[in-house]
Amino acid sequence: MKNNESKVPTSRLSRLSKMGGLASRLAGNVLLEGAKQLSKGQSPKLQQLVMTPTNIGHVADKLSQLRGAAMKVGQMLSMDAGDLVPPELADILARLRSDAKAMPHKQLTTLLIQHWGRDWLAPFAQFELRPFAAASIGQVHLAYLDTGEKLAIKIQYPGIRDSIDSDIDNVATLLKVSRLIPANVKLDTLLAEAKAQLHNEADYHFEAEHIELYRQQLGENSSFIVPKVYKQLSNNSILTMQFVEGVAIESVTQASQAVRDHIASELMALCFKELFEFKLVQSDPNFANFQYQTDTQKIVLFDFGATRTISDALSQGYHELMQGAATQDKLQMASAAKKIGFFKDKMDPGHQQLIIDIFYQACEPLRFEGEYDFGQSDLAKRVTQAGKAISTQQNEWHTPPTDAIFIHRKLAGMYLLAAKLKAKVNVGELFSKYRG
């Protein structure tokens, strides 16, 4: 794993120097590329010079070395900006989602001694120093207790928590200077959300509490497994959980139609439960957060750092919005959207109607008689295109409540997963139990 290891810079100064070194290298490459193009009689633009393949590689590499904040901004931008970002930035964001680098063993053991003391190995029969997963703010290790219990131990990269705000500000500066973000993407709003979410995700006490809360809400639901937390081996930087066997949810695309339909239907039903019963939404629909047990036919749920409690009022607002969409009552939808906070004062009625139309279109599966075929539908593309059109009207559009953005991300994630599985789901029937 030597090629996929890099020491995590822990101090703010060392993290800033990573960005400074990147800026110097980019500037040198810009001058070199500019000289090449001028020698050929071409007149290059600055953005073309900045976003050469070489520079894209440098940007992605440096941001992945910073881990947490840089990767979170990349992940959030790739979800929220969607097709609005240029191909060059999309390339960087794709690398950030998949290219986390693990800590070297020496840095890892220093960290374990710091948190658990010199005899940190004592509770374990075995502890794998090579992580089996590395993500934006931590890496996950396999271990066994003396009792034989198999554990997944998530260890946070050092310095992440203390440098979240400054890291995100540094990344924002890089993105603005390189002119990679279109003017109509509200970068400052996204960055504020990224900071708030990352502070929650970097607090493993927060995640442990929400895992327990979610397990309580699920109760005896036999369709899902949420790993239990070992509190005595956890703190705000280390989260020790039961290791649960499962296969990647994407691999289920090869399973029978019945299995794929079952998985998508159960996840869609869970989404409605989160909104209308639990009032607790696991808002990160990353495919990596779901696995499937082929022998038990259960779905394993991971990663509760992005779990959000929603208010009764917001839950009721979405219930009314969906009820209106299901019954083709656009007046009810408009009333619900206003309650949720989608319409600012003095918003043009025509613009309000555009927003309602997008909601109406997005709720197409609710109105469909029988099983909606997500694999054959271009719904996600249509909604994205409508969203792009509306986002260009900068004077009219405003950012909706943060919780609403995360709810939409979760719902969109469920649609995308159903489409990935080519599943057929009777969404109307799932929603029918909540109809007034």
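Reader: Hi! Before we start, what does "contact" mean here?
Author: Hello! Contact means that heavy atoms lie within 4.5 Å. Keep in mind, too, that this is a predicted model.

Reader: Great. Then what is Gly 413 in contact with, leaving aside its neighbours within four places in sequence?
Author: With those neighbours set aside, Gly 413 is in contact with Pro 285 and Phe 287.

Reader: And where is Gly 413?
Author: You'll find Gly 413 in helix H16, which covers residues 402–420.

Reader: Is Gly 413 buried or exposed?
Author: Gly 413 is buried, because its relative accessible area is 5% and buried means under 20%.

Reader: Nice. What about Leu 417, where is that one?
Author: Leu 417 is found in helix H16. Its relative accessible area is 2%, so Leu 417 is buried.

Reader: Which residues is Leu 417 in contact with, beyond its neighbours within four places in sequence?
Author: Leaving those neighbours out, Leu 417 is in contact with Ile 249, Leu 267, Phe 287 and Phe 290.

Reader: Okay, zooming out. How many helices and strands are in the protein chain?
Author: The protein chain has 17 helices and 13 strands. It contains 436 residues, and 49% of them are buried. Among its contacts between residues at least 6 apart in sequence, 72% join residues at least 24 apart.

Reader: Can we look at two helices together? At what angle do the axes of H10 and H11 cross?
Author: Helix H10 (residues 257–278) and helix H11 (residues 312–326) have axes that cross at roughly 130° and come within 8 Å. That angle is why H10 counts as oblique to H11.

Reader: Which residues make the contact?
Author: From H10 there are Phe 272, Leu 275 and Phe 276, and from H11 there are Ser 315, Tyr 318, His 319 and Met 322. Five residues of the H10 contact with H11 are nonpolar, two are polar and none is charged.

Reader: What is phi of Lys 422?
Author: Phi of Lys 422 is near 50°, again a positive value in a residue other than glycine. Lys 422 is placed in the loop between H16 and strand E13 (424–425). With a relative accessible area of 52%, Lys 422 is exposed.

Reader: Last topic, rings! How many aromatic pairs are there?
Author: A search of the whole structure gives 15 aromatic pairs. One of them joins Tyr 372 and Phe 374 edge-to-face, with 4.9 Å centre to centre and 70° between the planes. Both Tyr 372 and Phe 374 are buried.

Reader: Which residues do ring pairs link into a cluster?
Author: Trp 116, Trp 120, Phe 124 and Phe 127 are linked into a cluster by ring pairs.

Reader: And what sits over the ring of Tyr 360?
Author: The charged end of Lys 330 does, 4.5 Å from the ring centre. Arg 367 also lies over the face of Tyr 360, at 3.5 Å from the ring centre.

Notes. Residues numbered from 1 in each chain as written. Predicted model: local features only at pLDDT ≥ 70, side-chain atom pairs only at ≥ 80, totals over all residues. Heavy atoms only, no water. Phe/Tyr/Trp six-rings, centres within 6.5 Å; stacked < 30°, edge-to-face > 60°. Buried < 20%, exposed > 50% of the residue type's maximum accessible area, 1.4 Å probe, protein only. Lys NZ or Arg CZ within 6 Å of the ring centre and 35° of its normal. Axes fitted to C-alpha atoms, helices over the stretch in contact; angles between N-to-C directions. Helix = DSSP H or I, 4+ residues; strand = E, 2+ residues; numbered from the N terminus. Parallel < 35°, antiparallel > 145°, perpendicular 65-115°, else oblique. Nonpolar A, V, L, I, M, F, W, Y, C, P; charged D, E, K, R; others polar.
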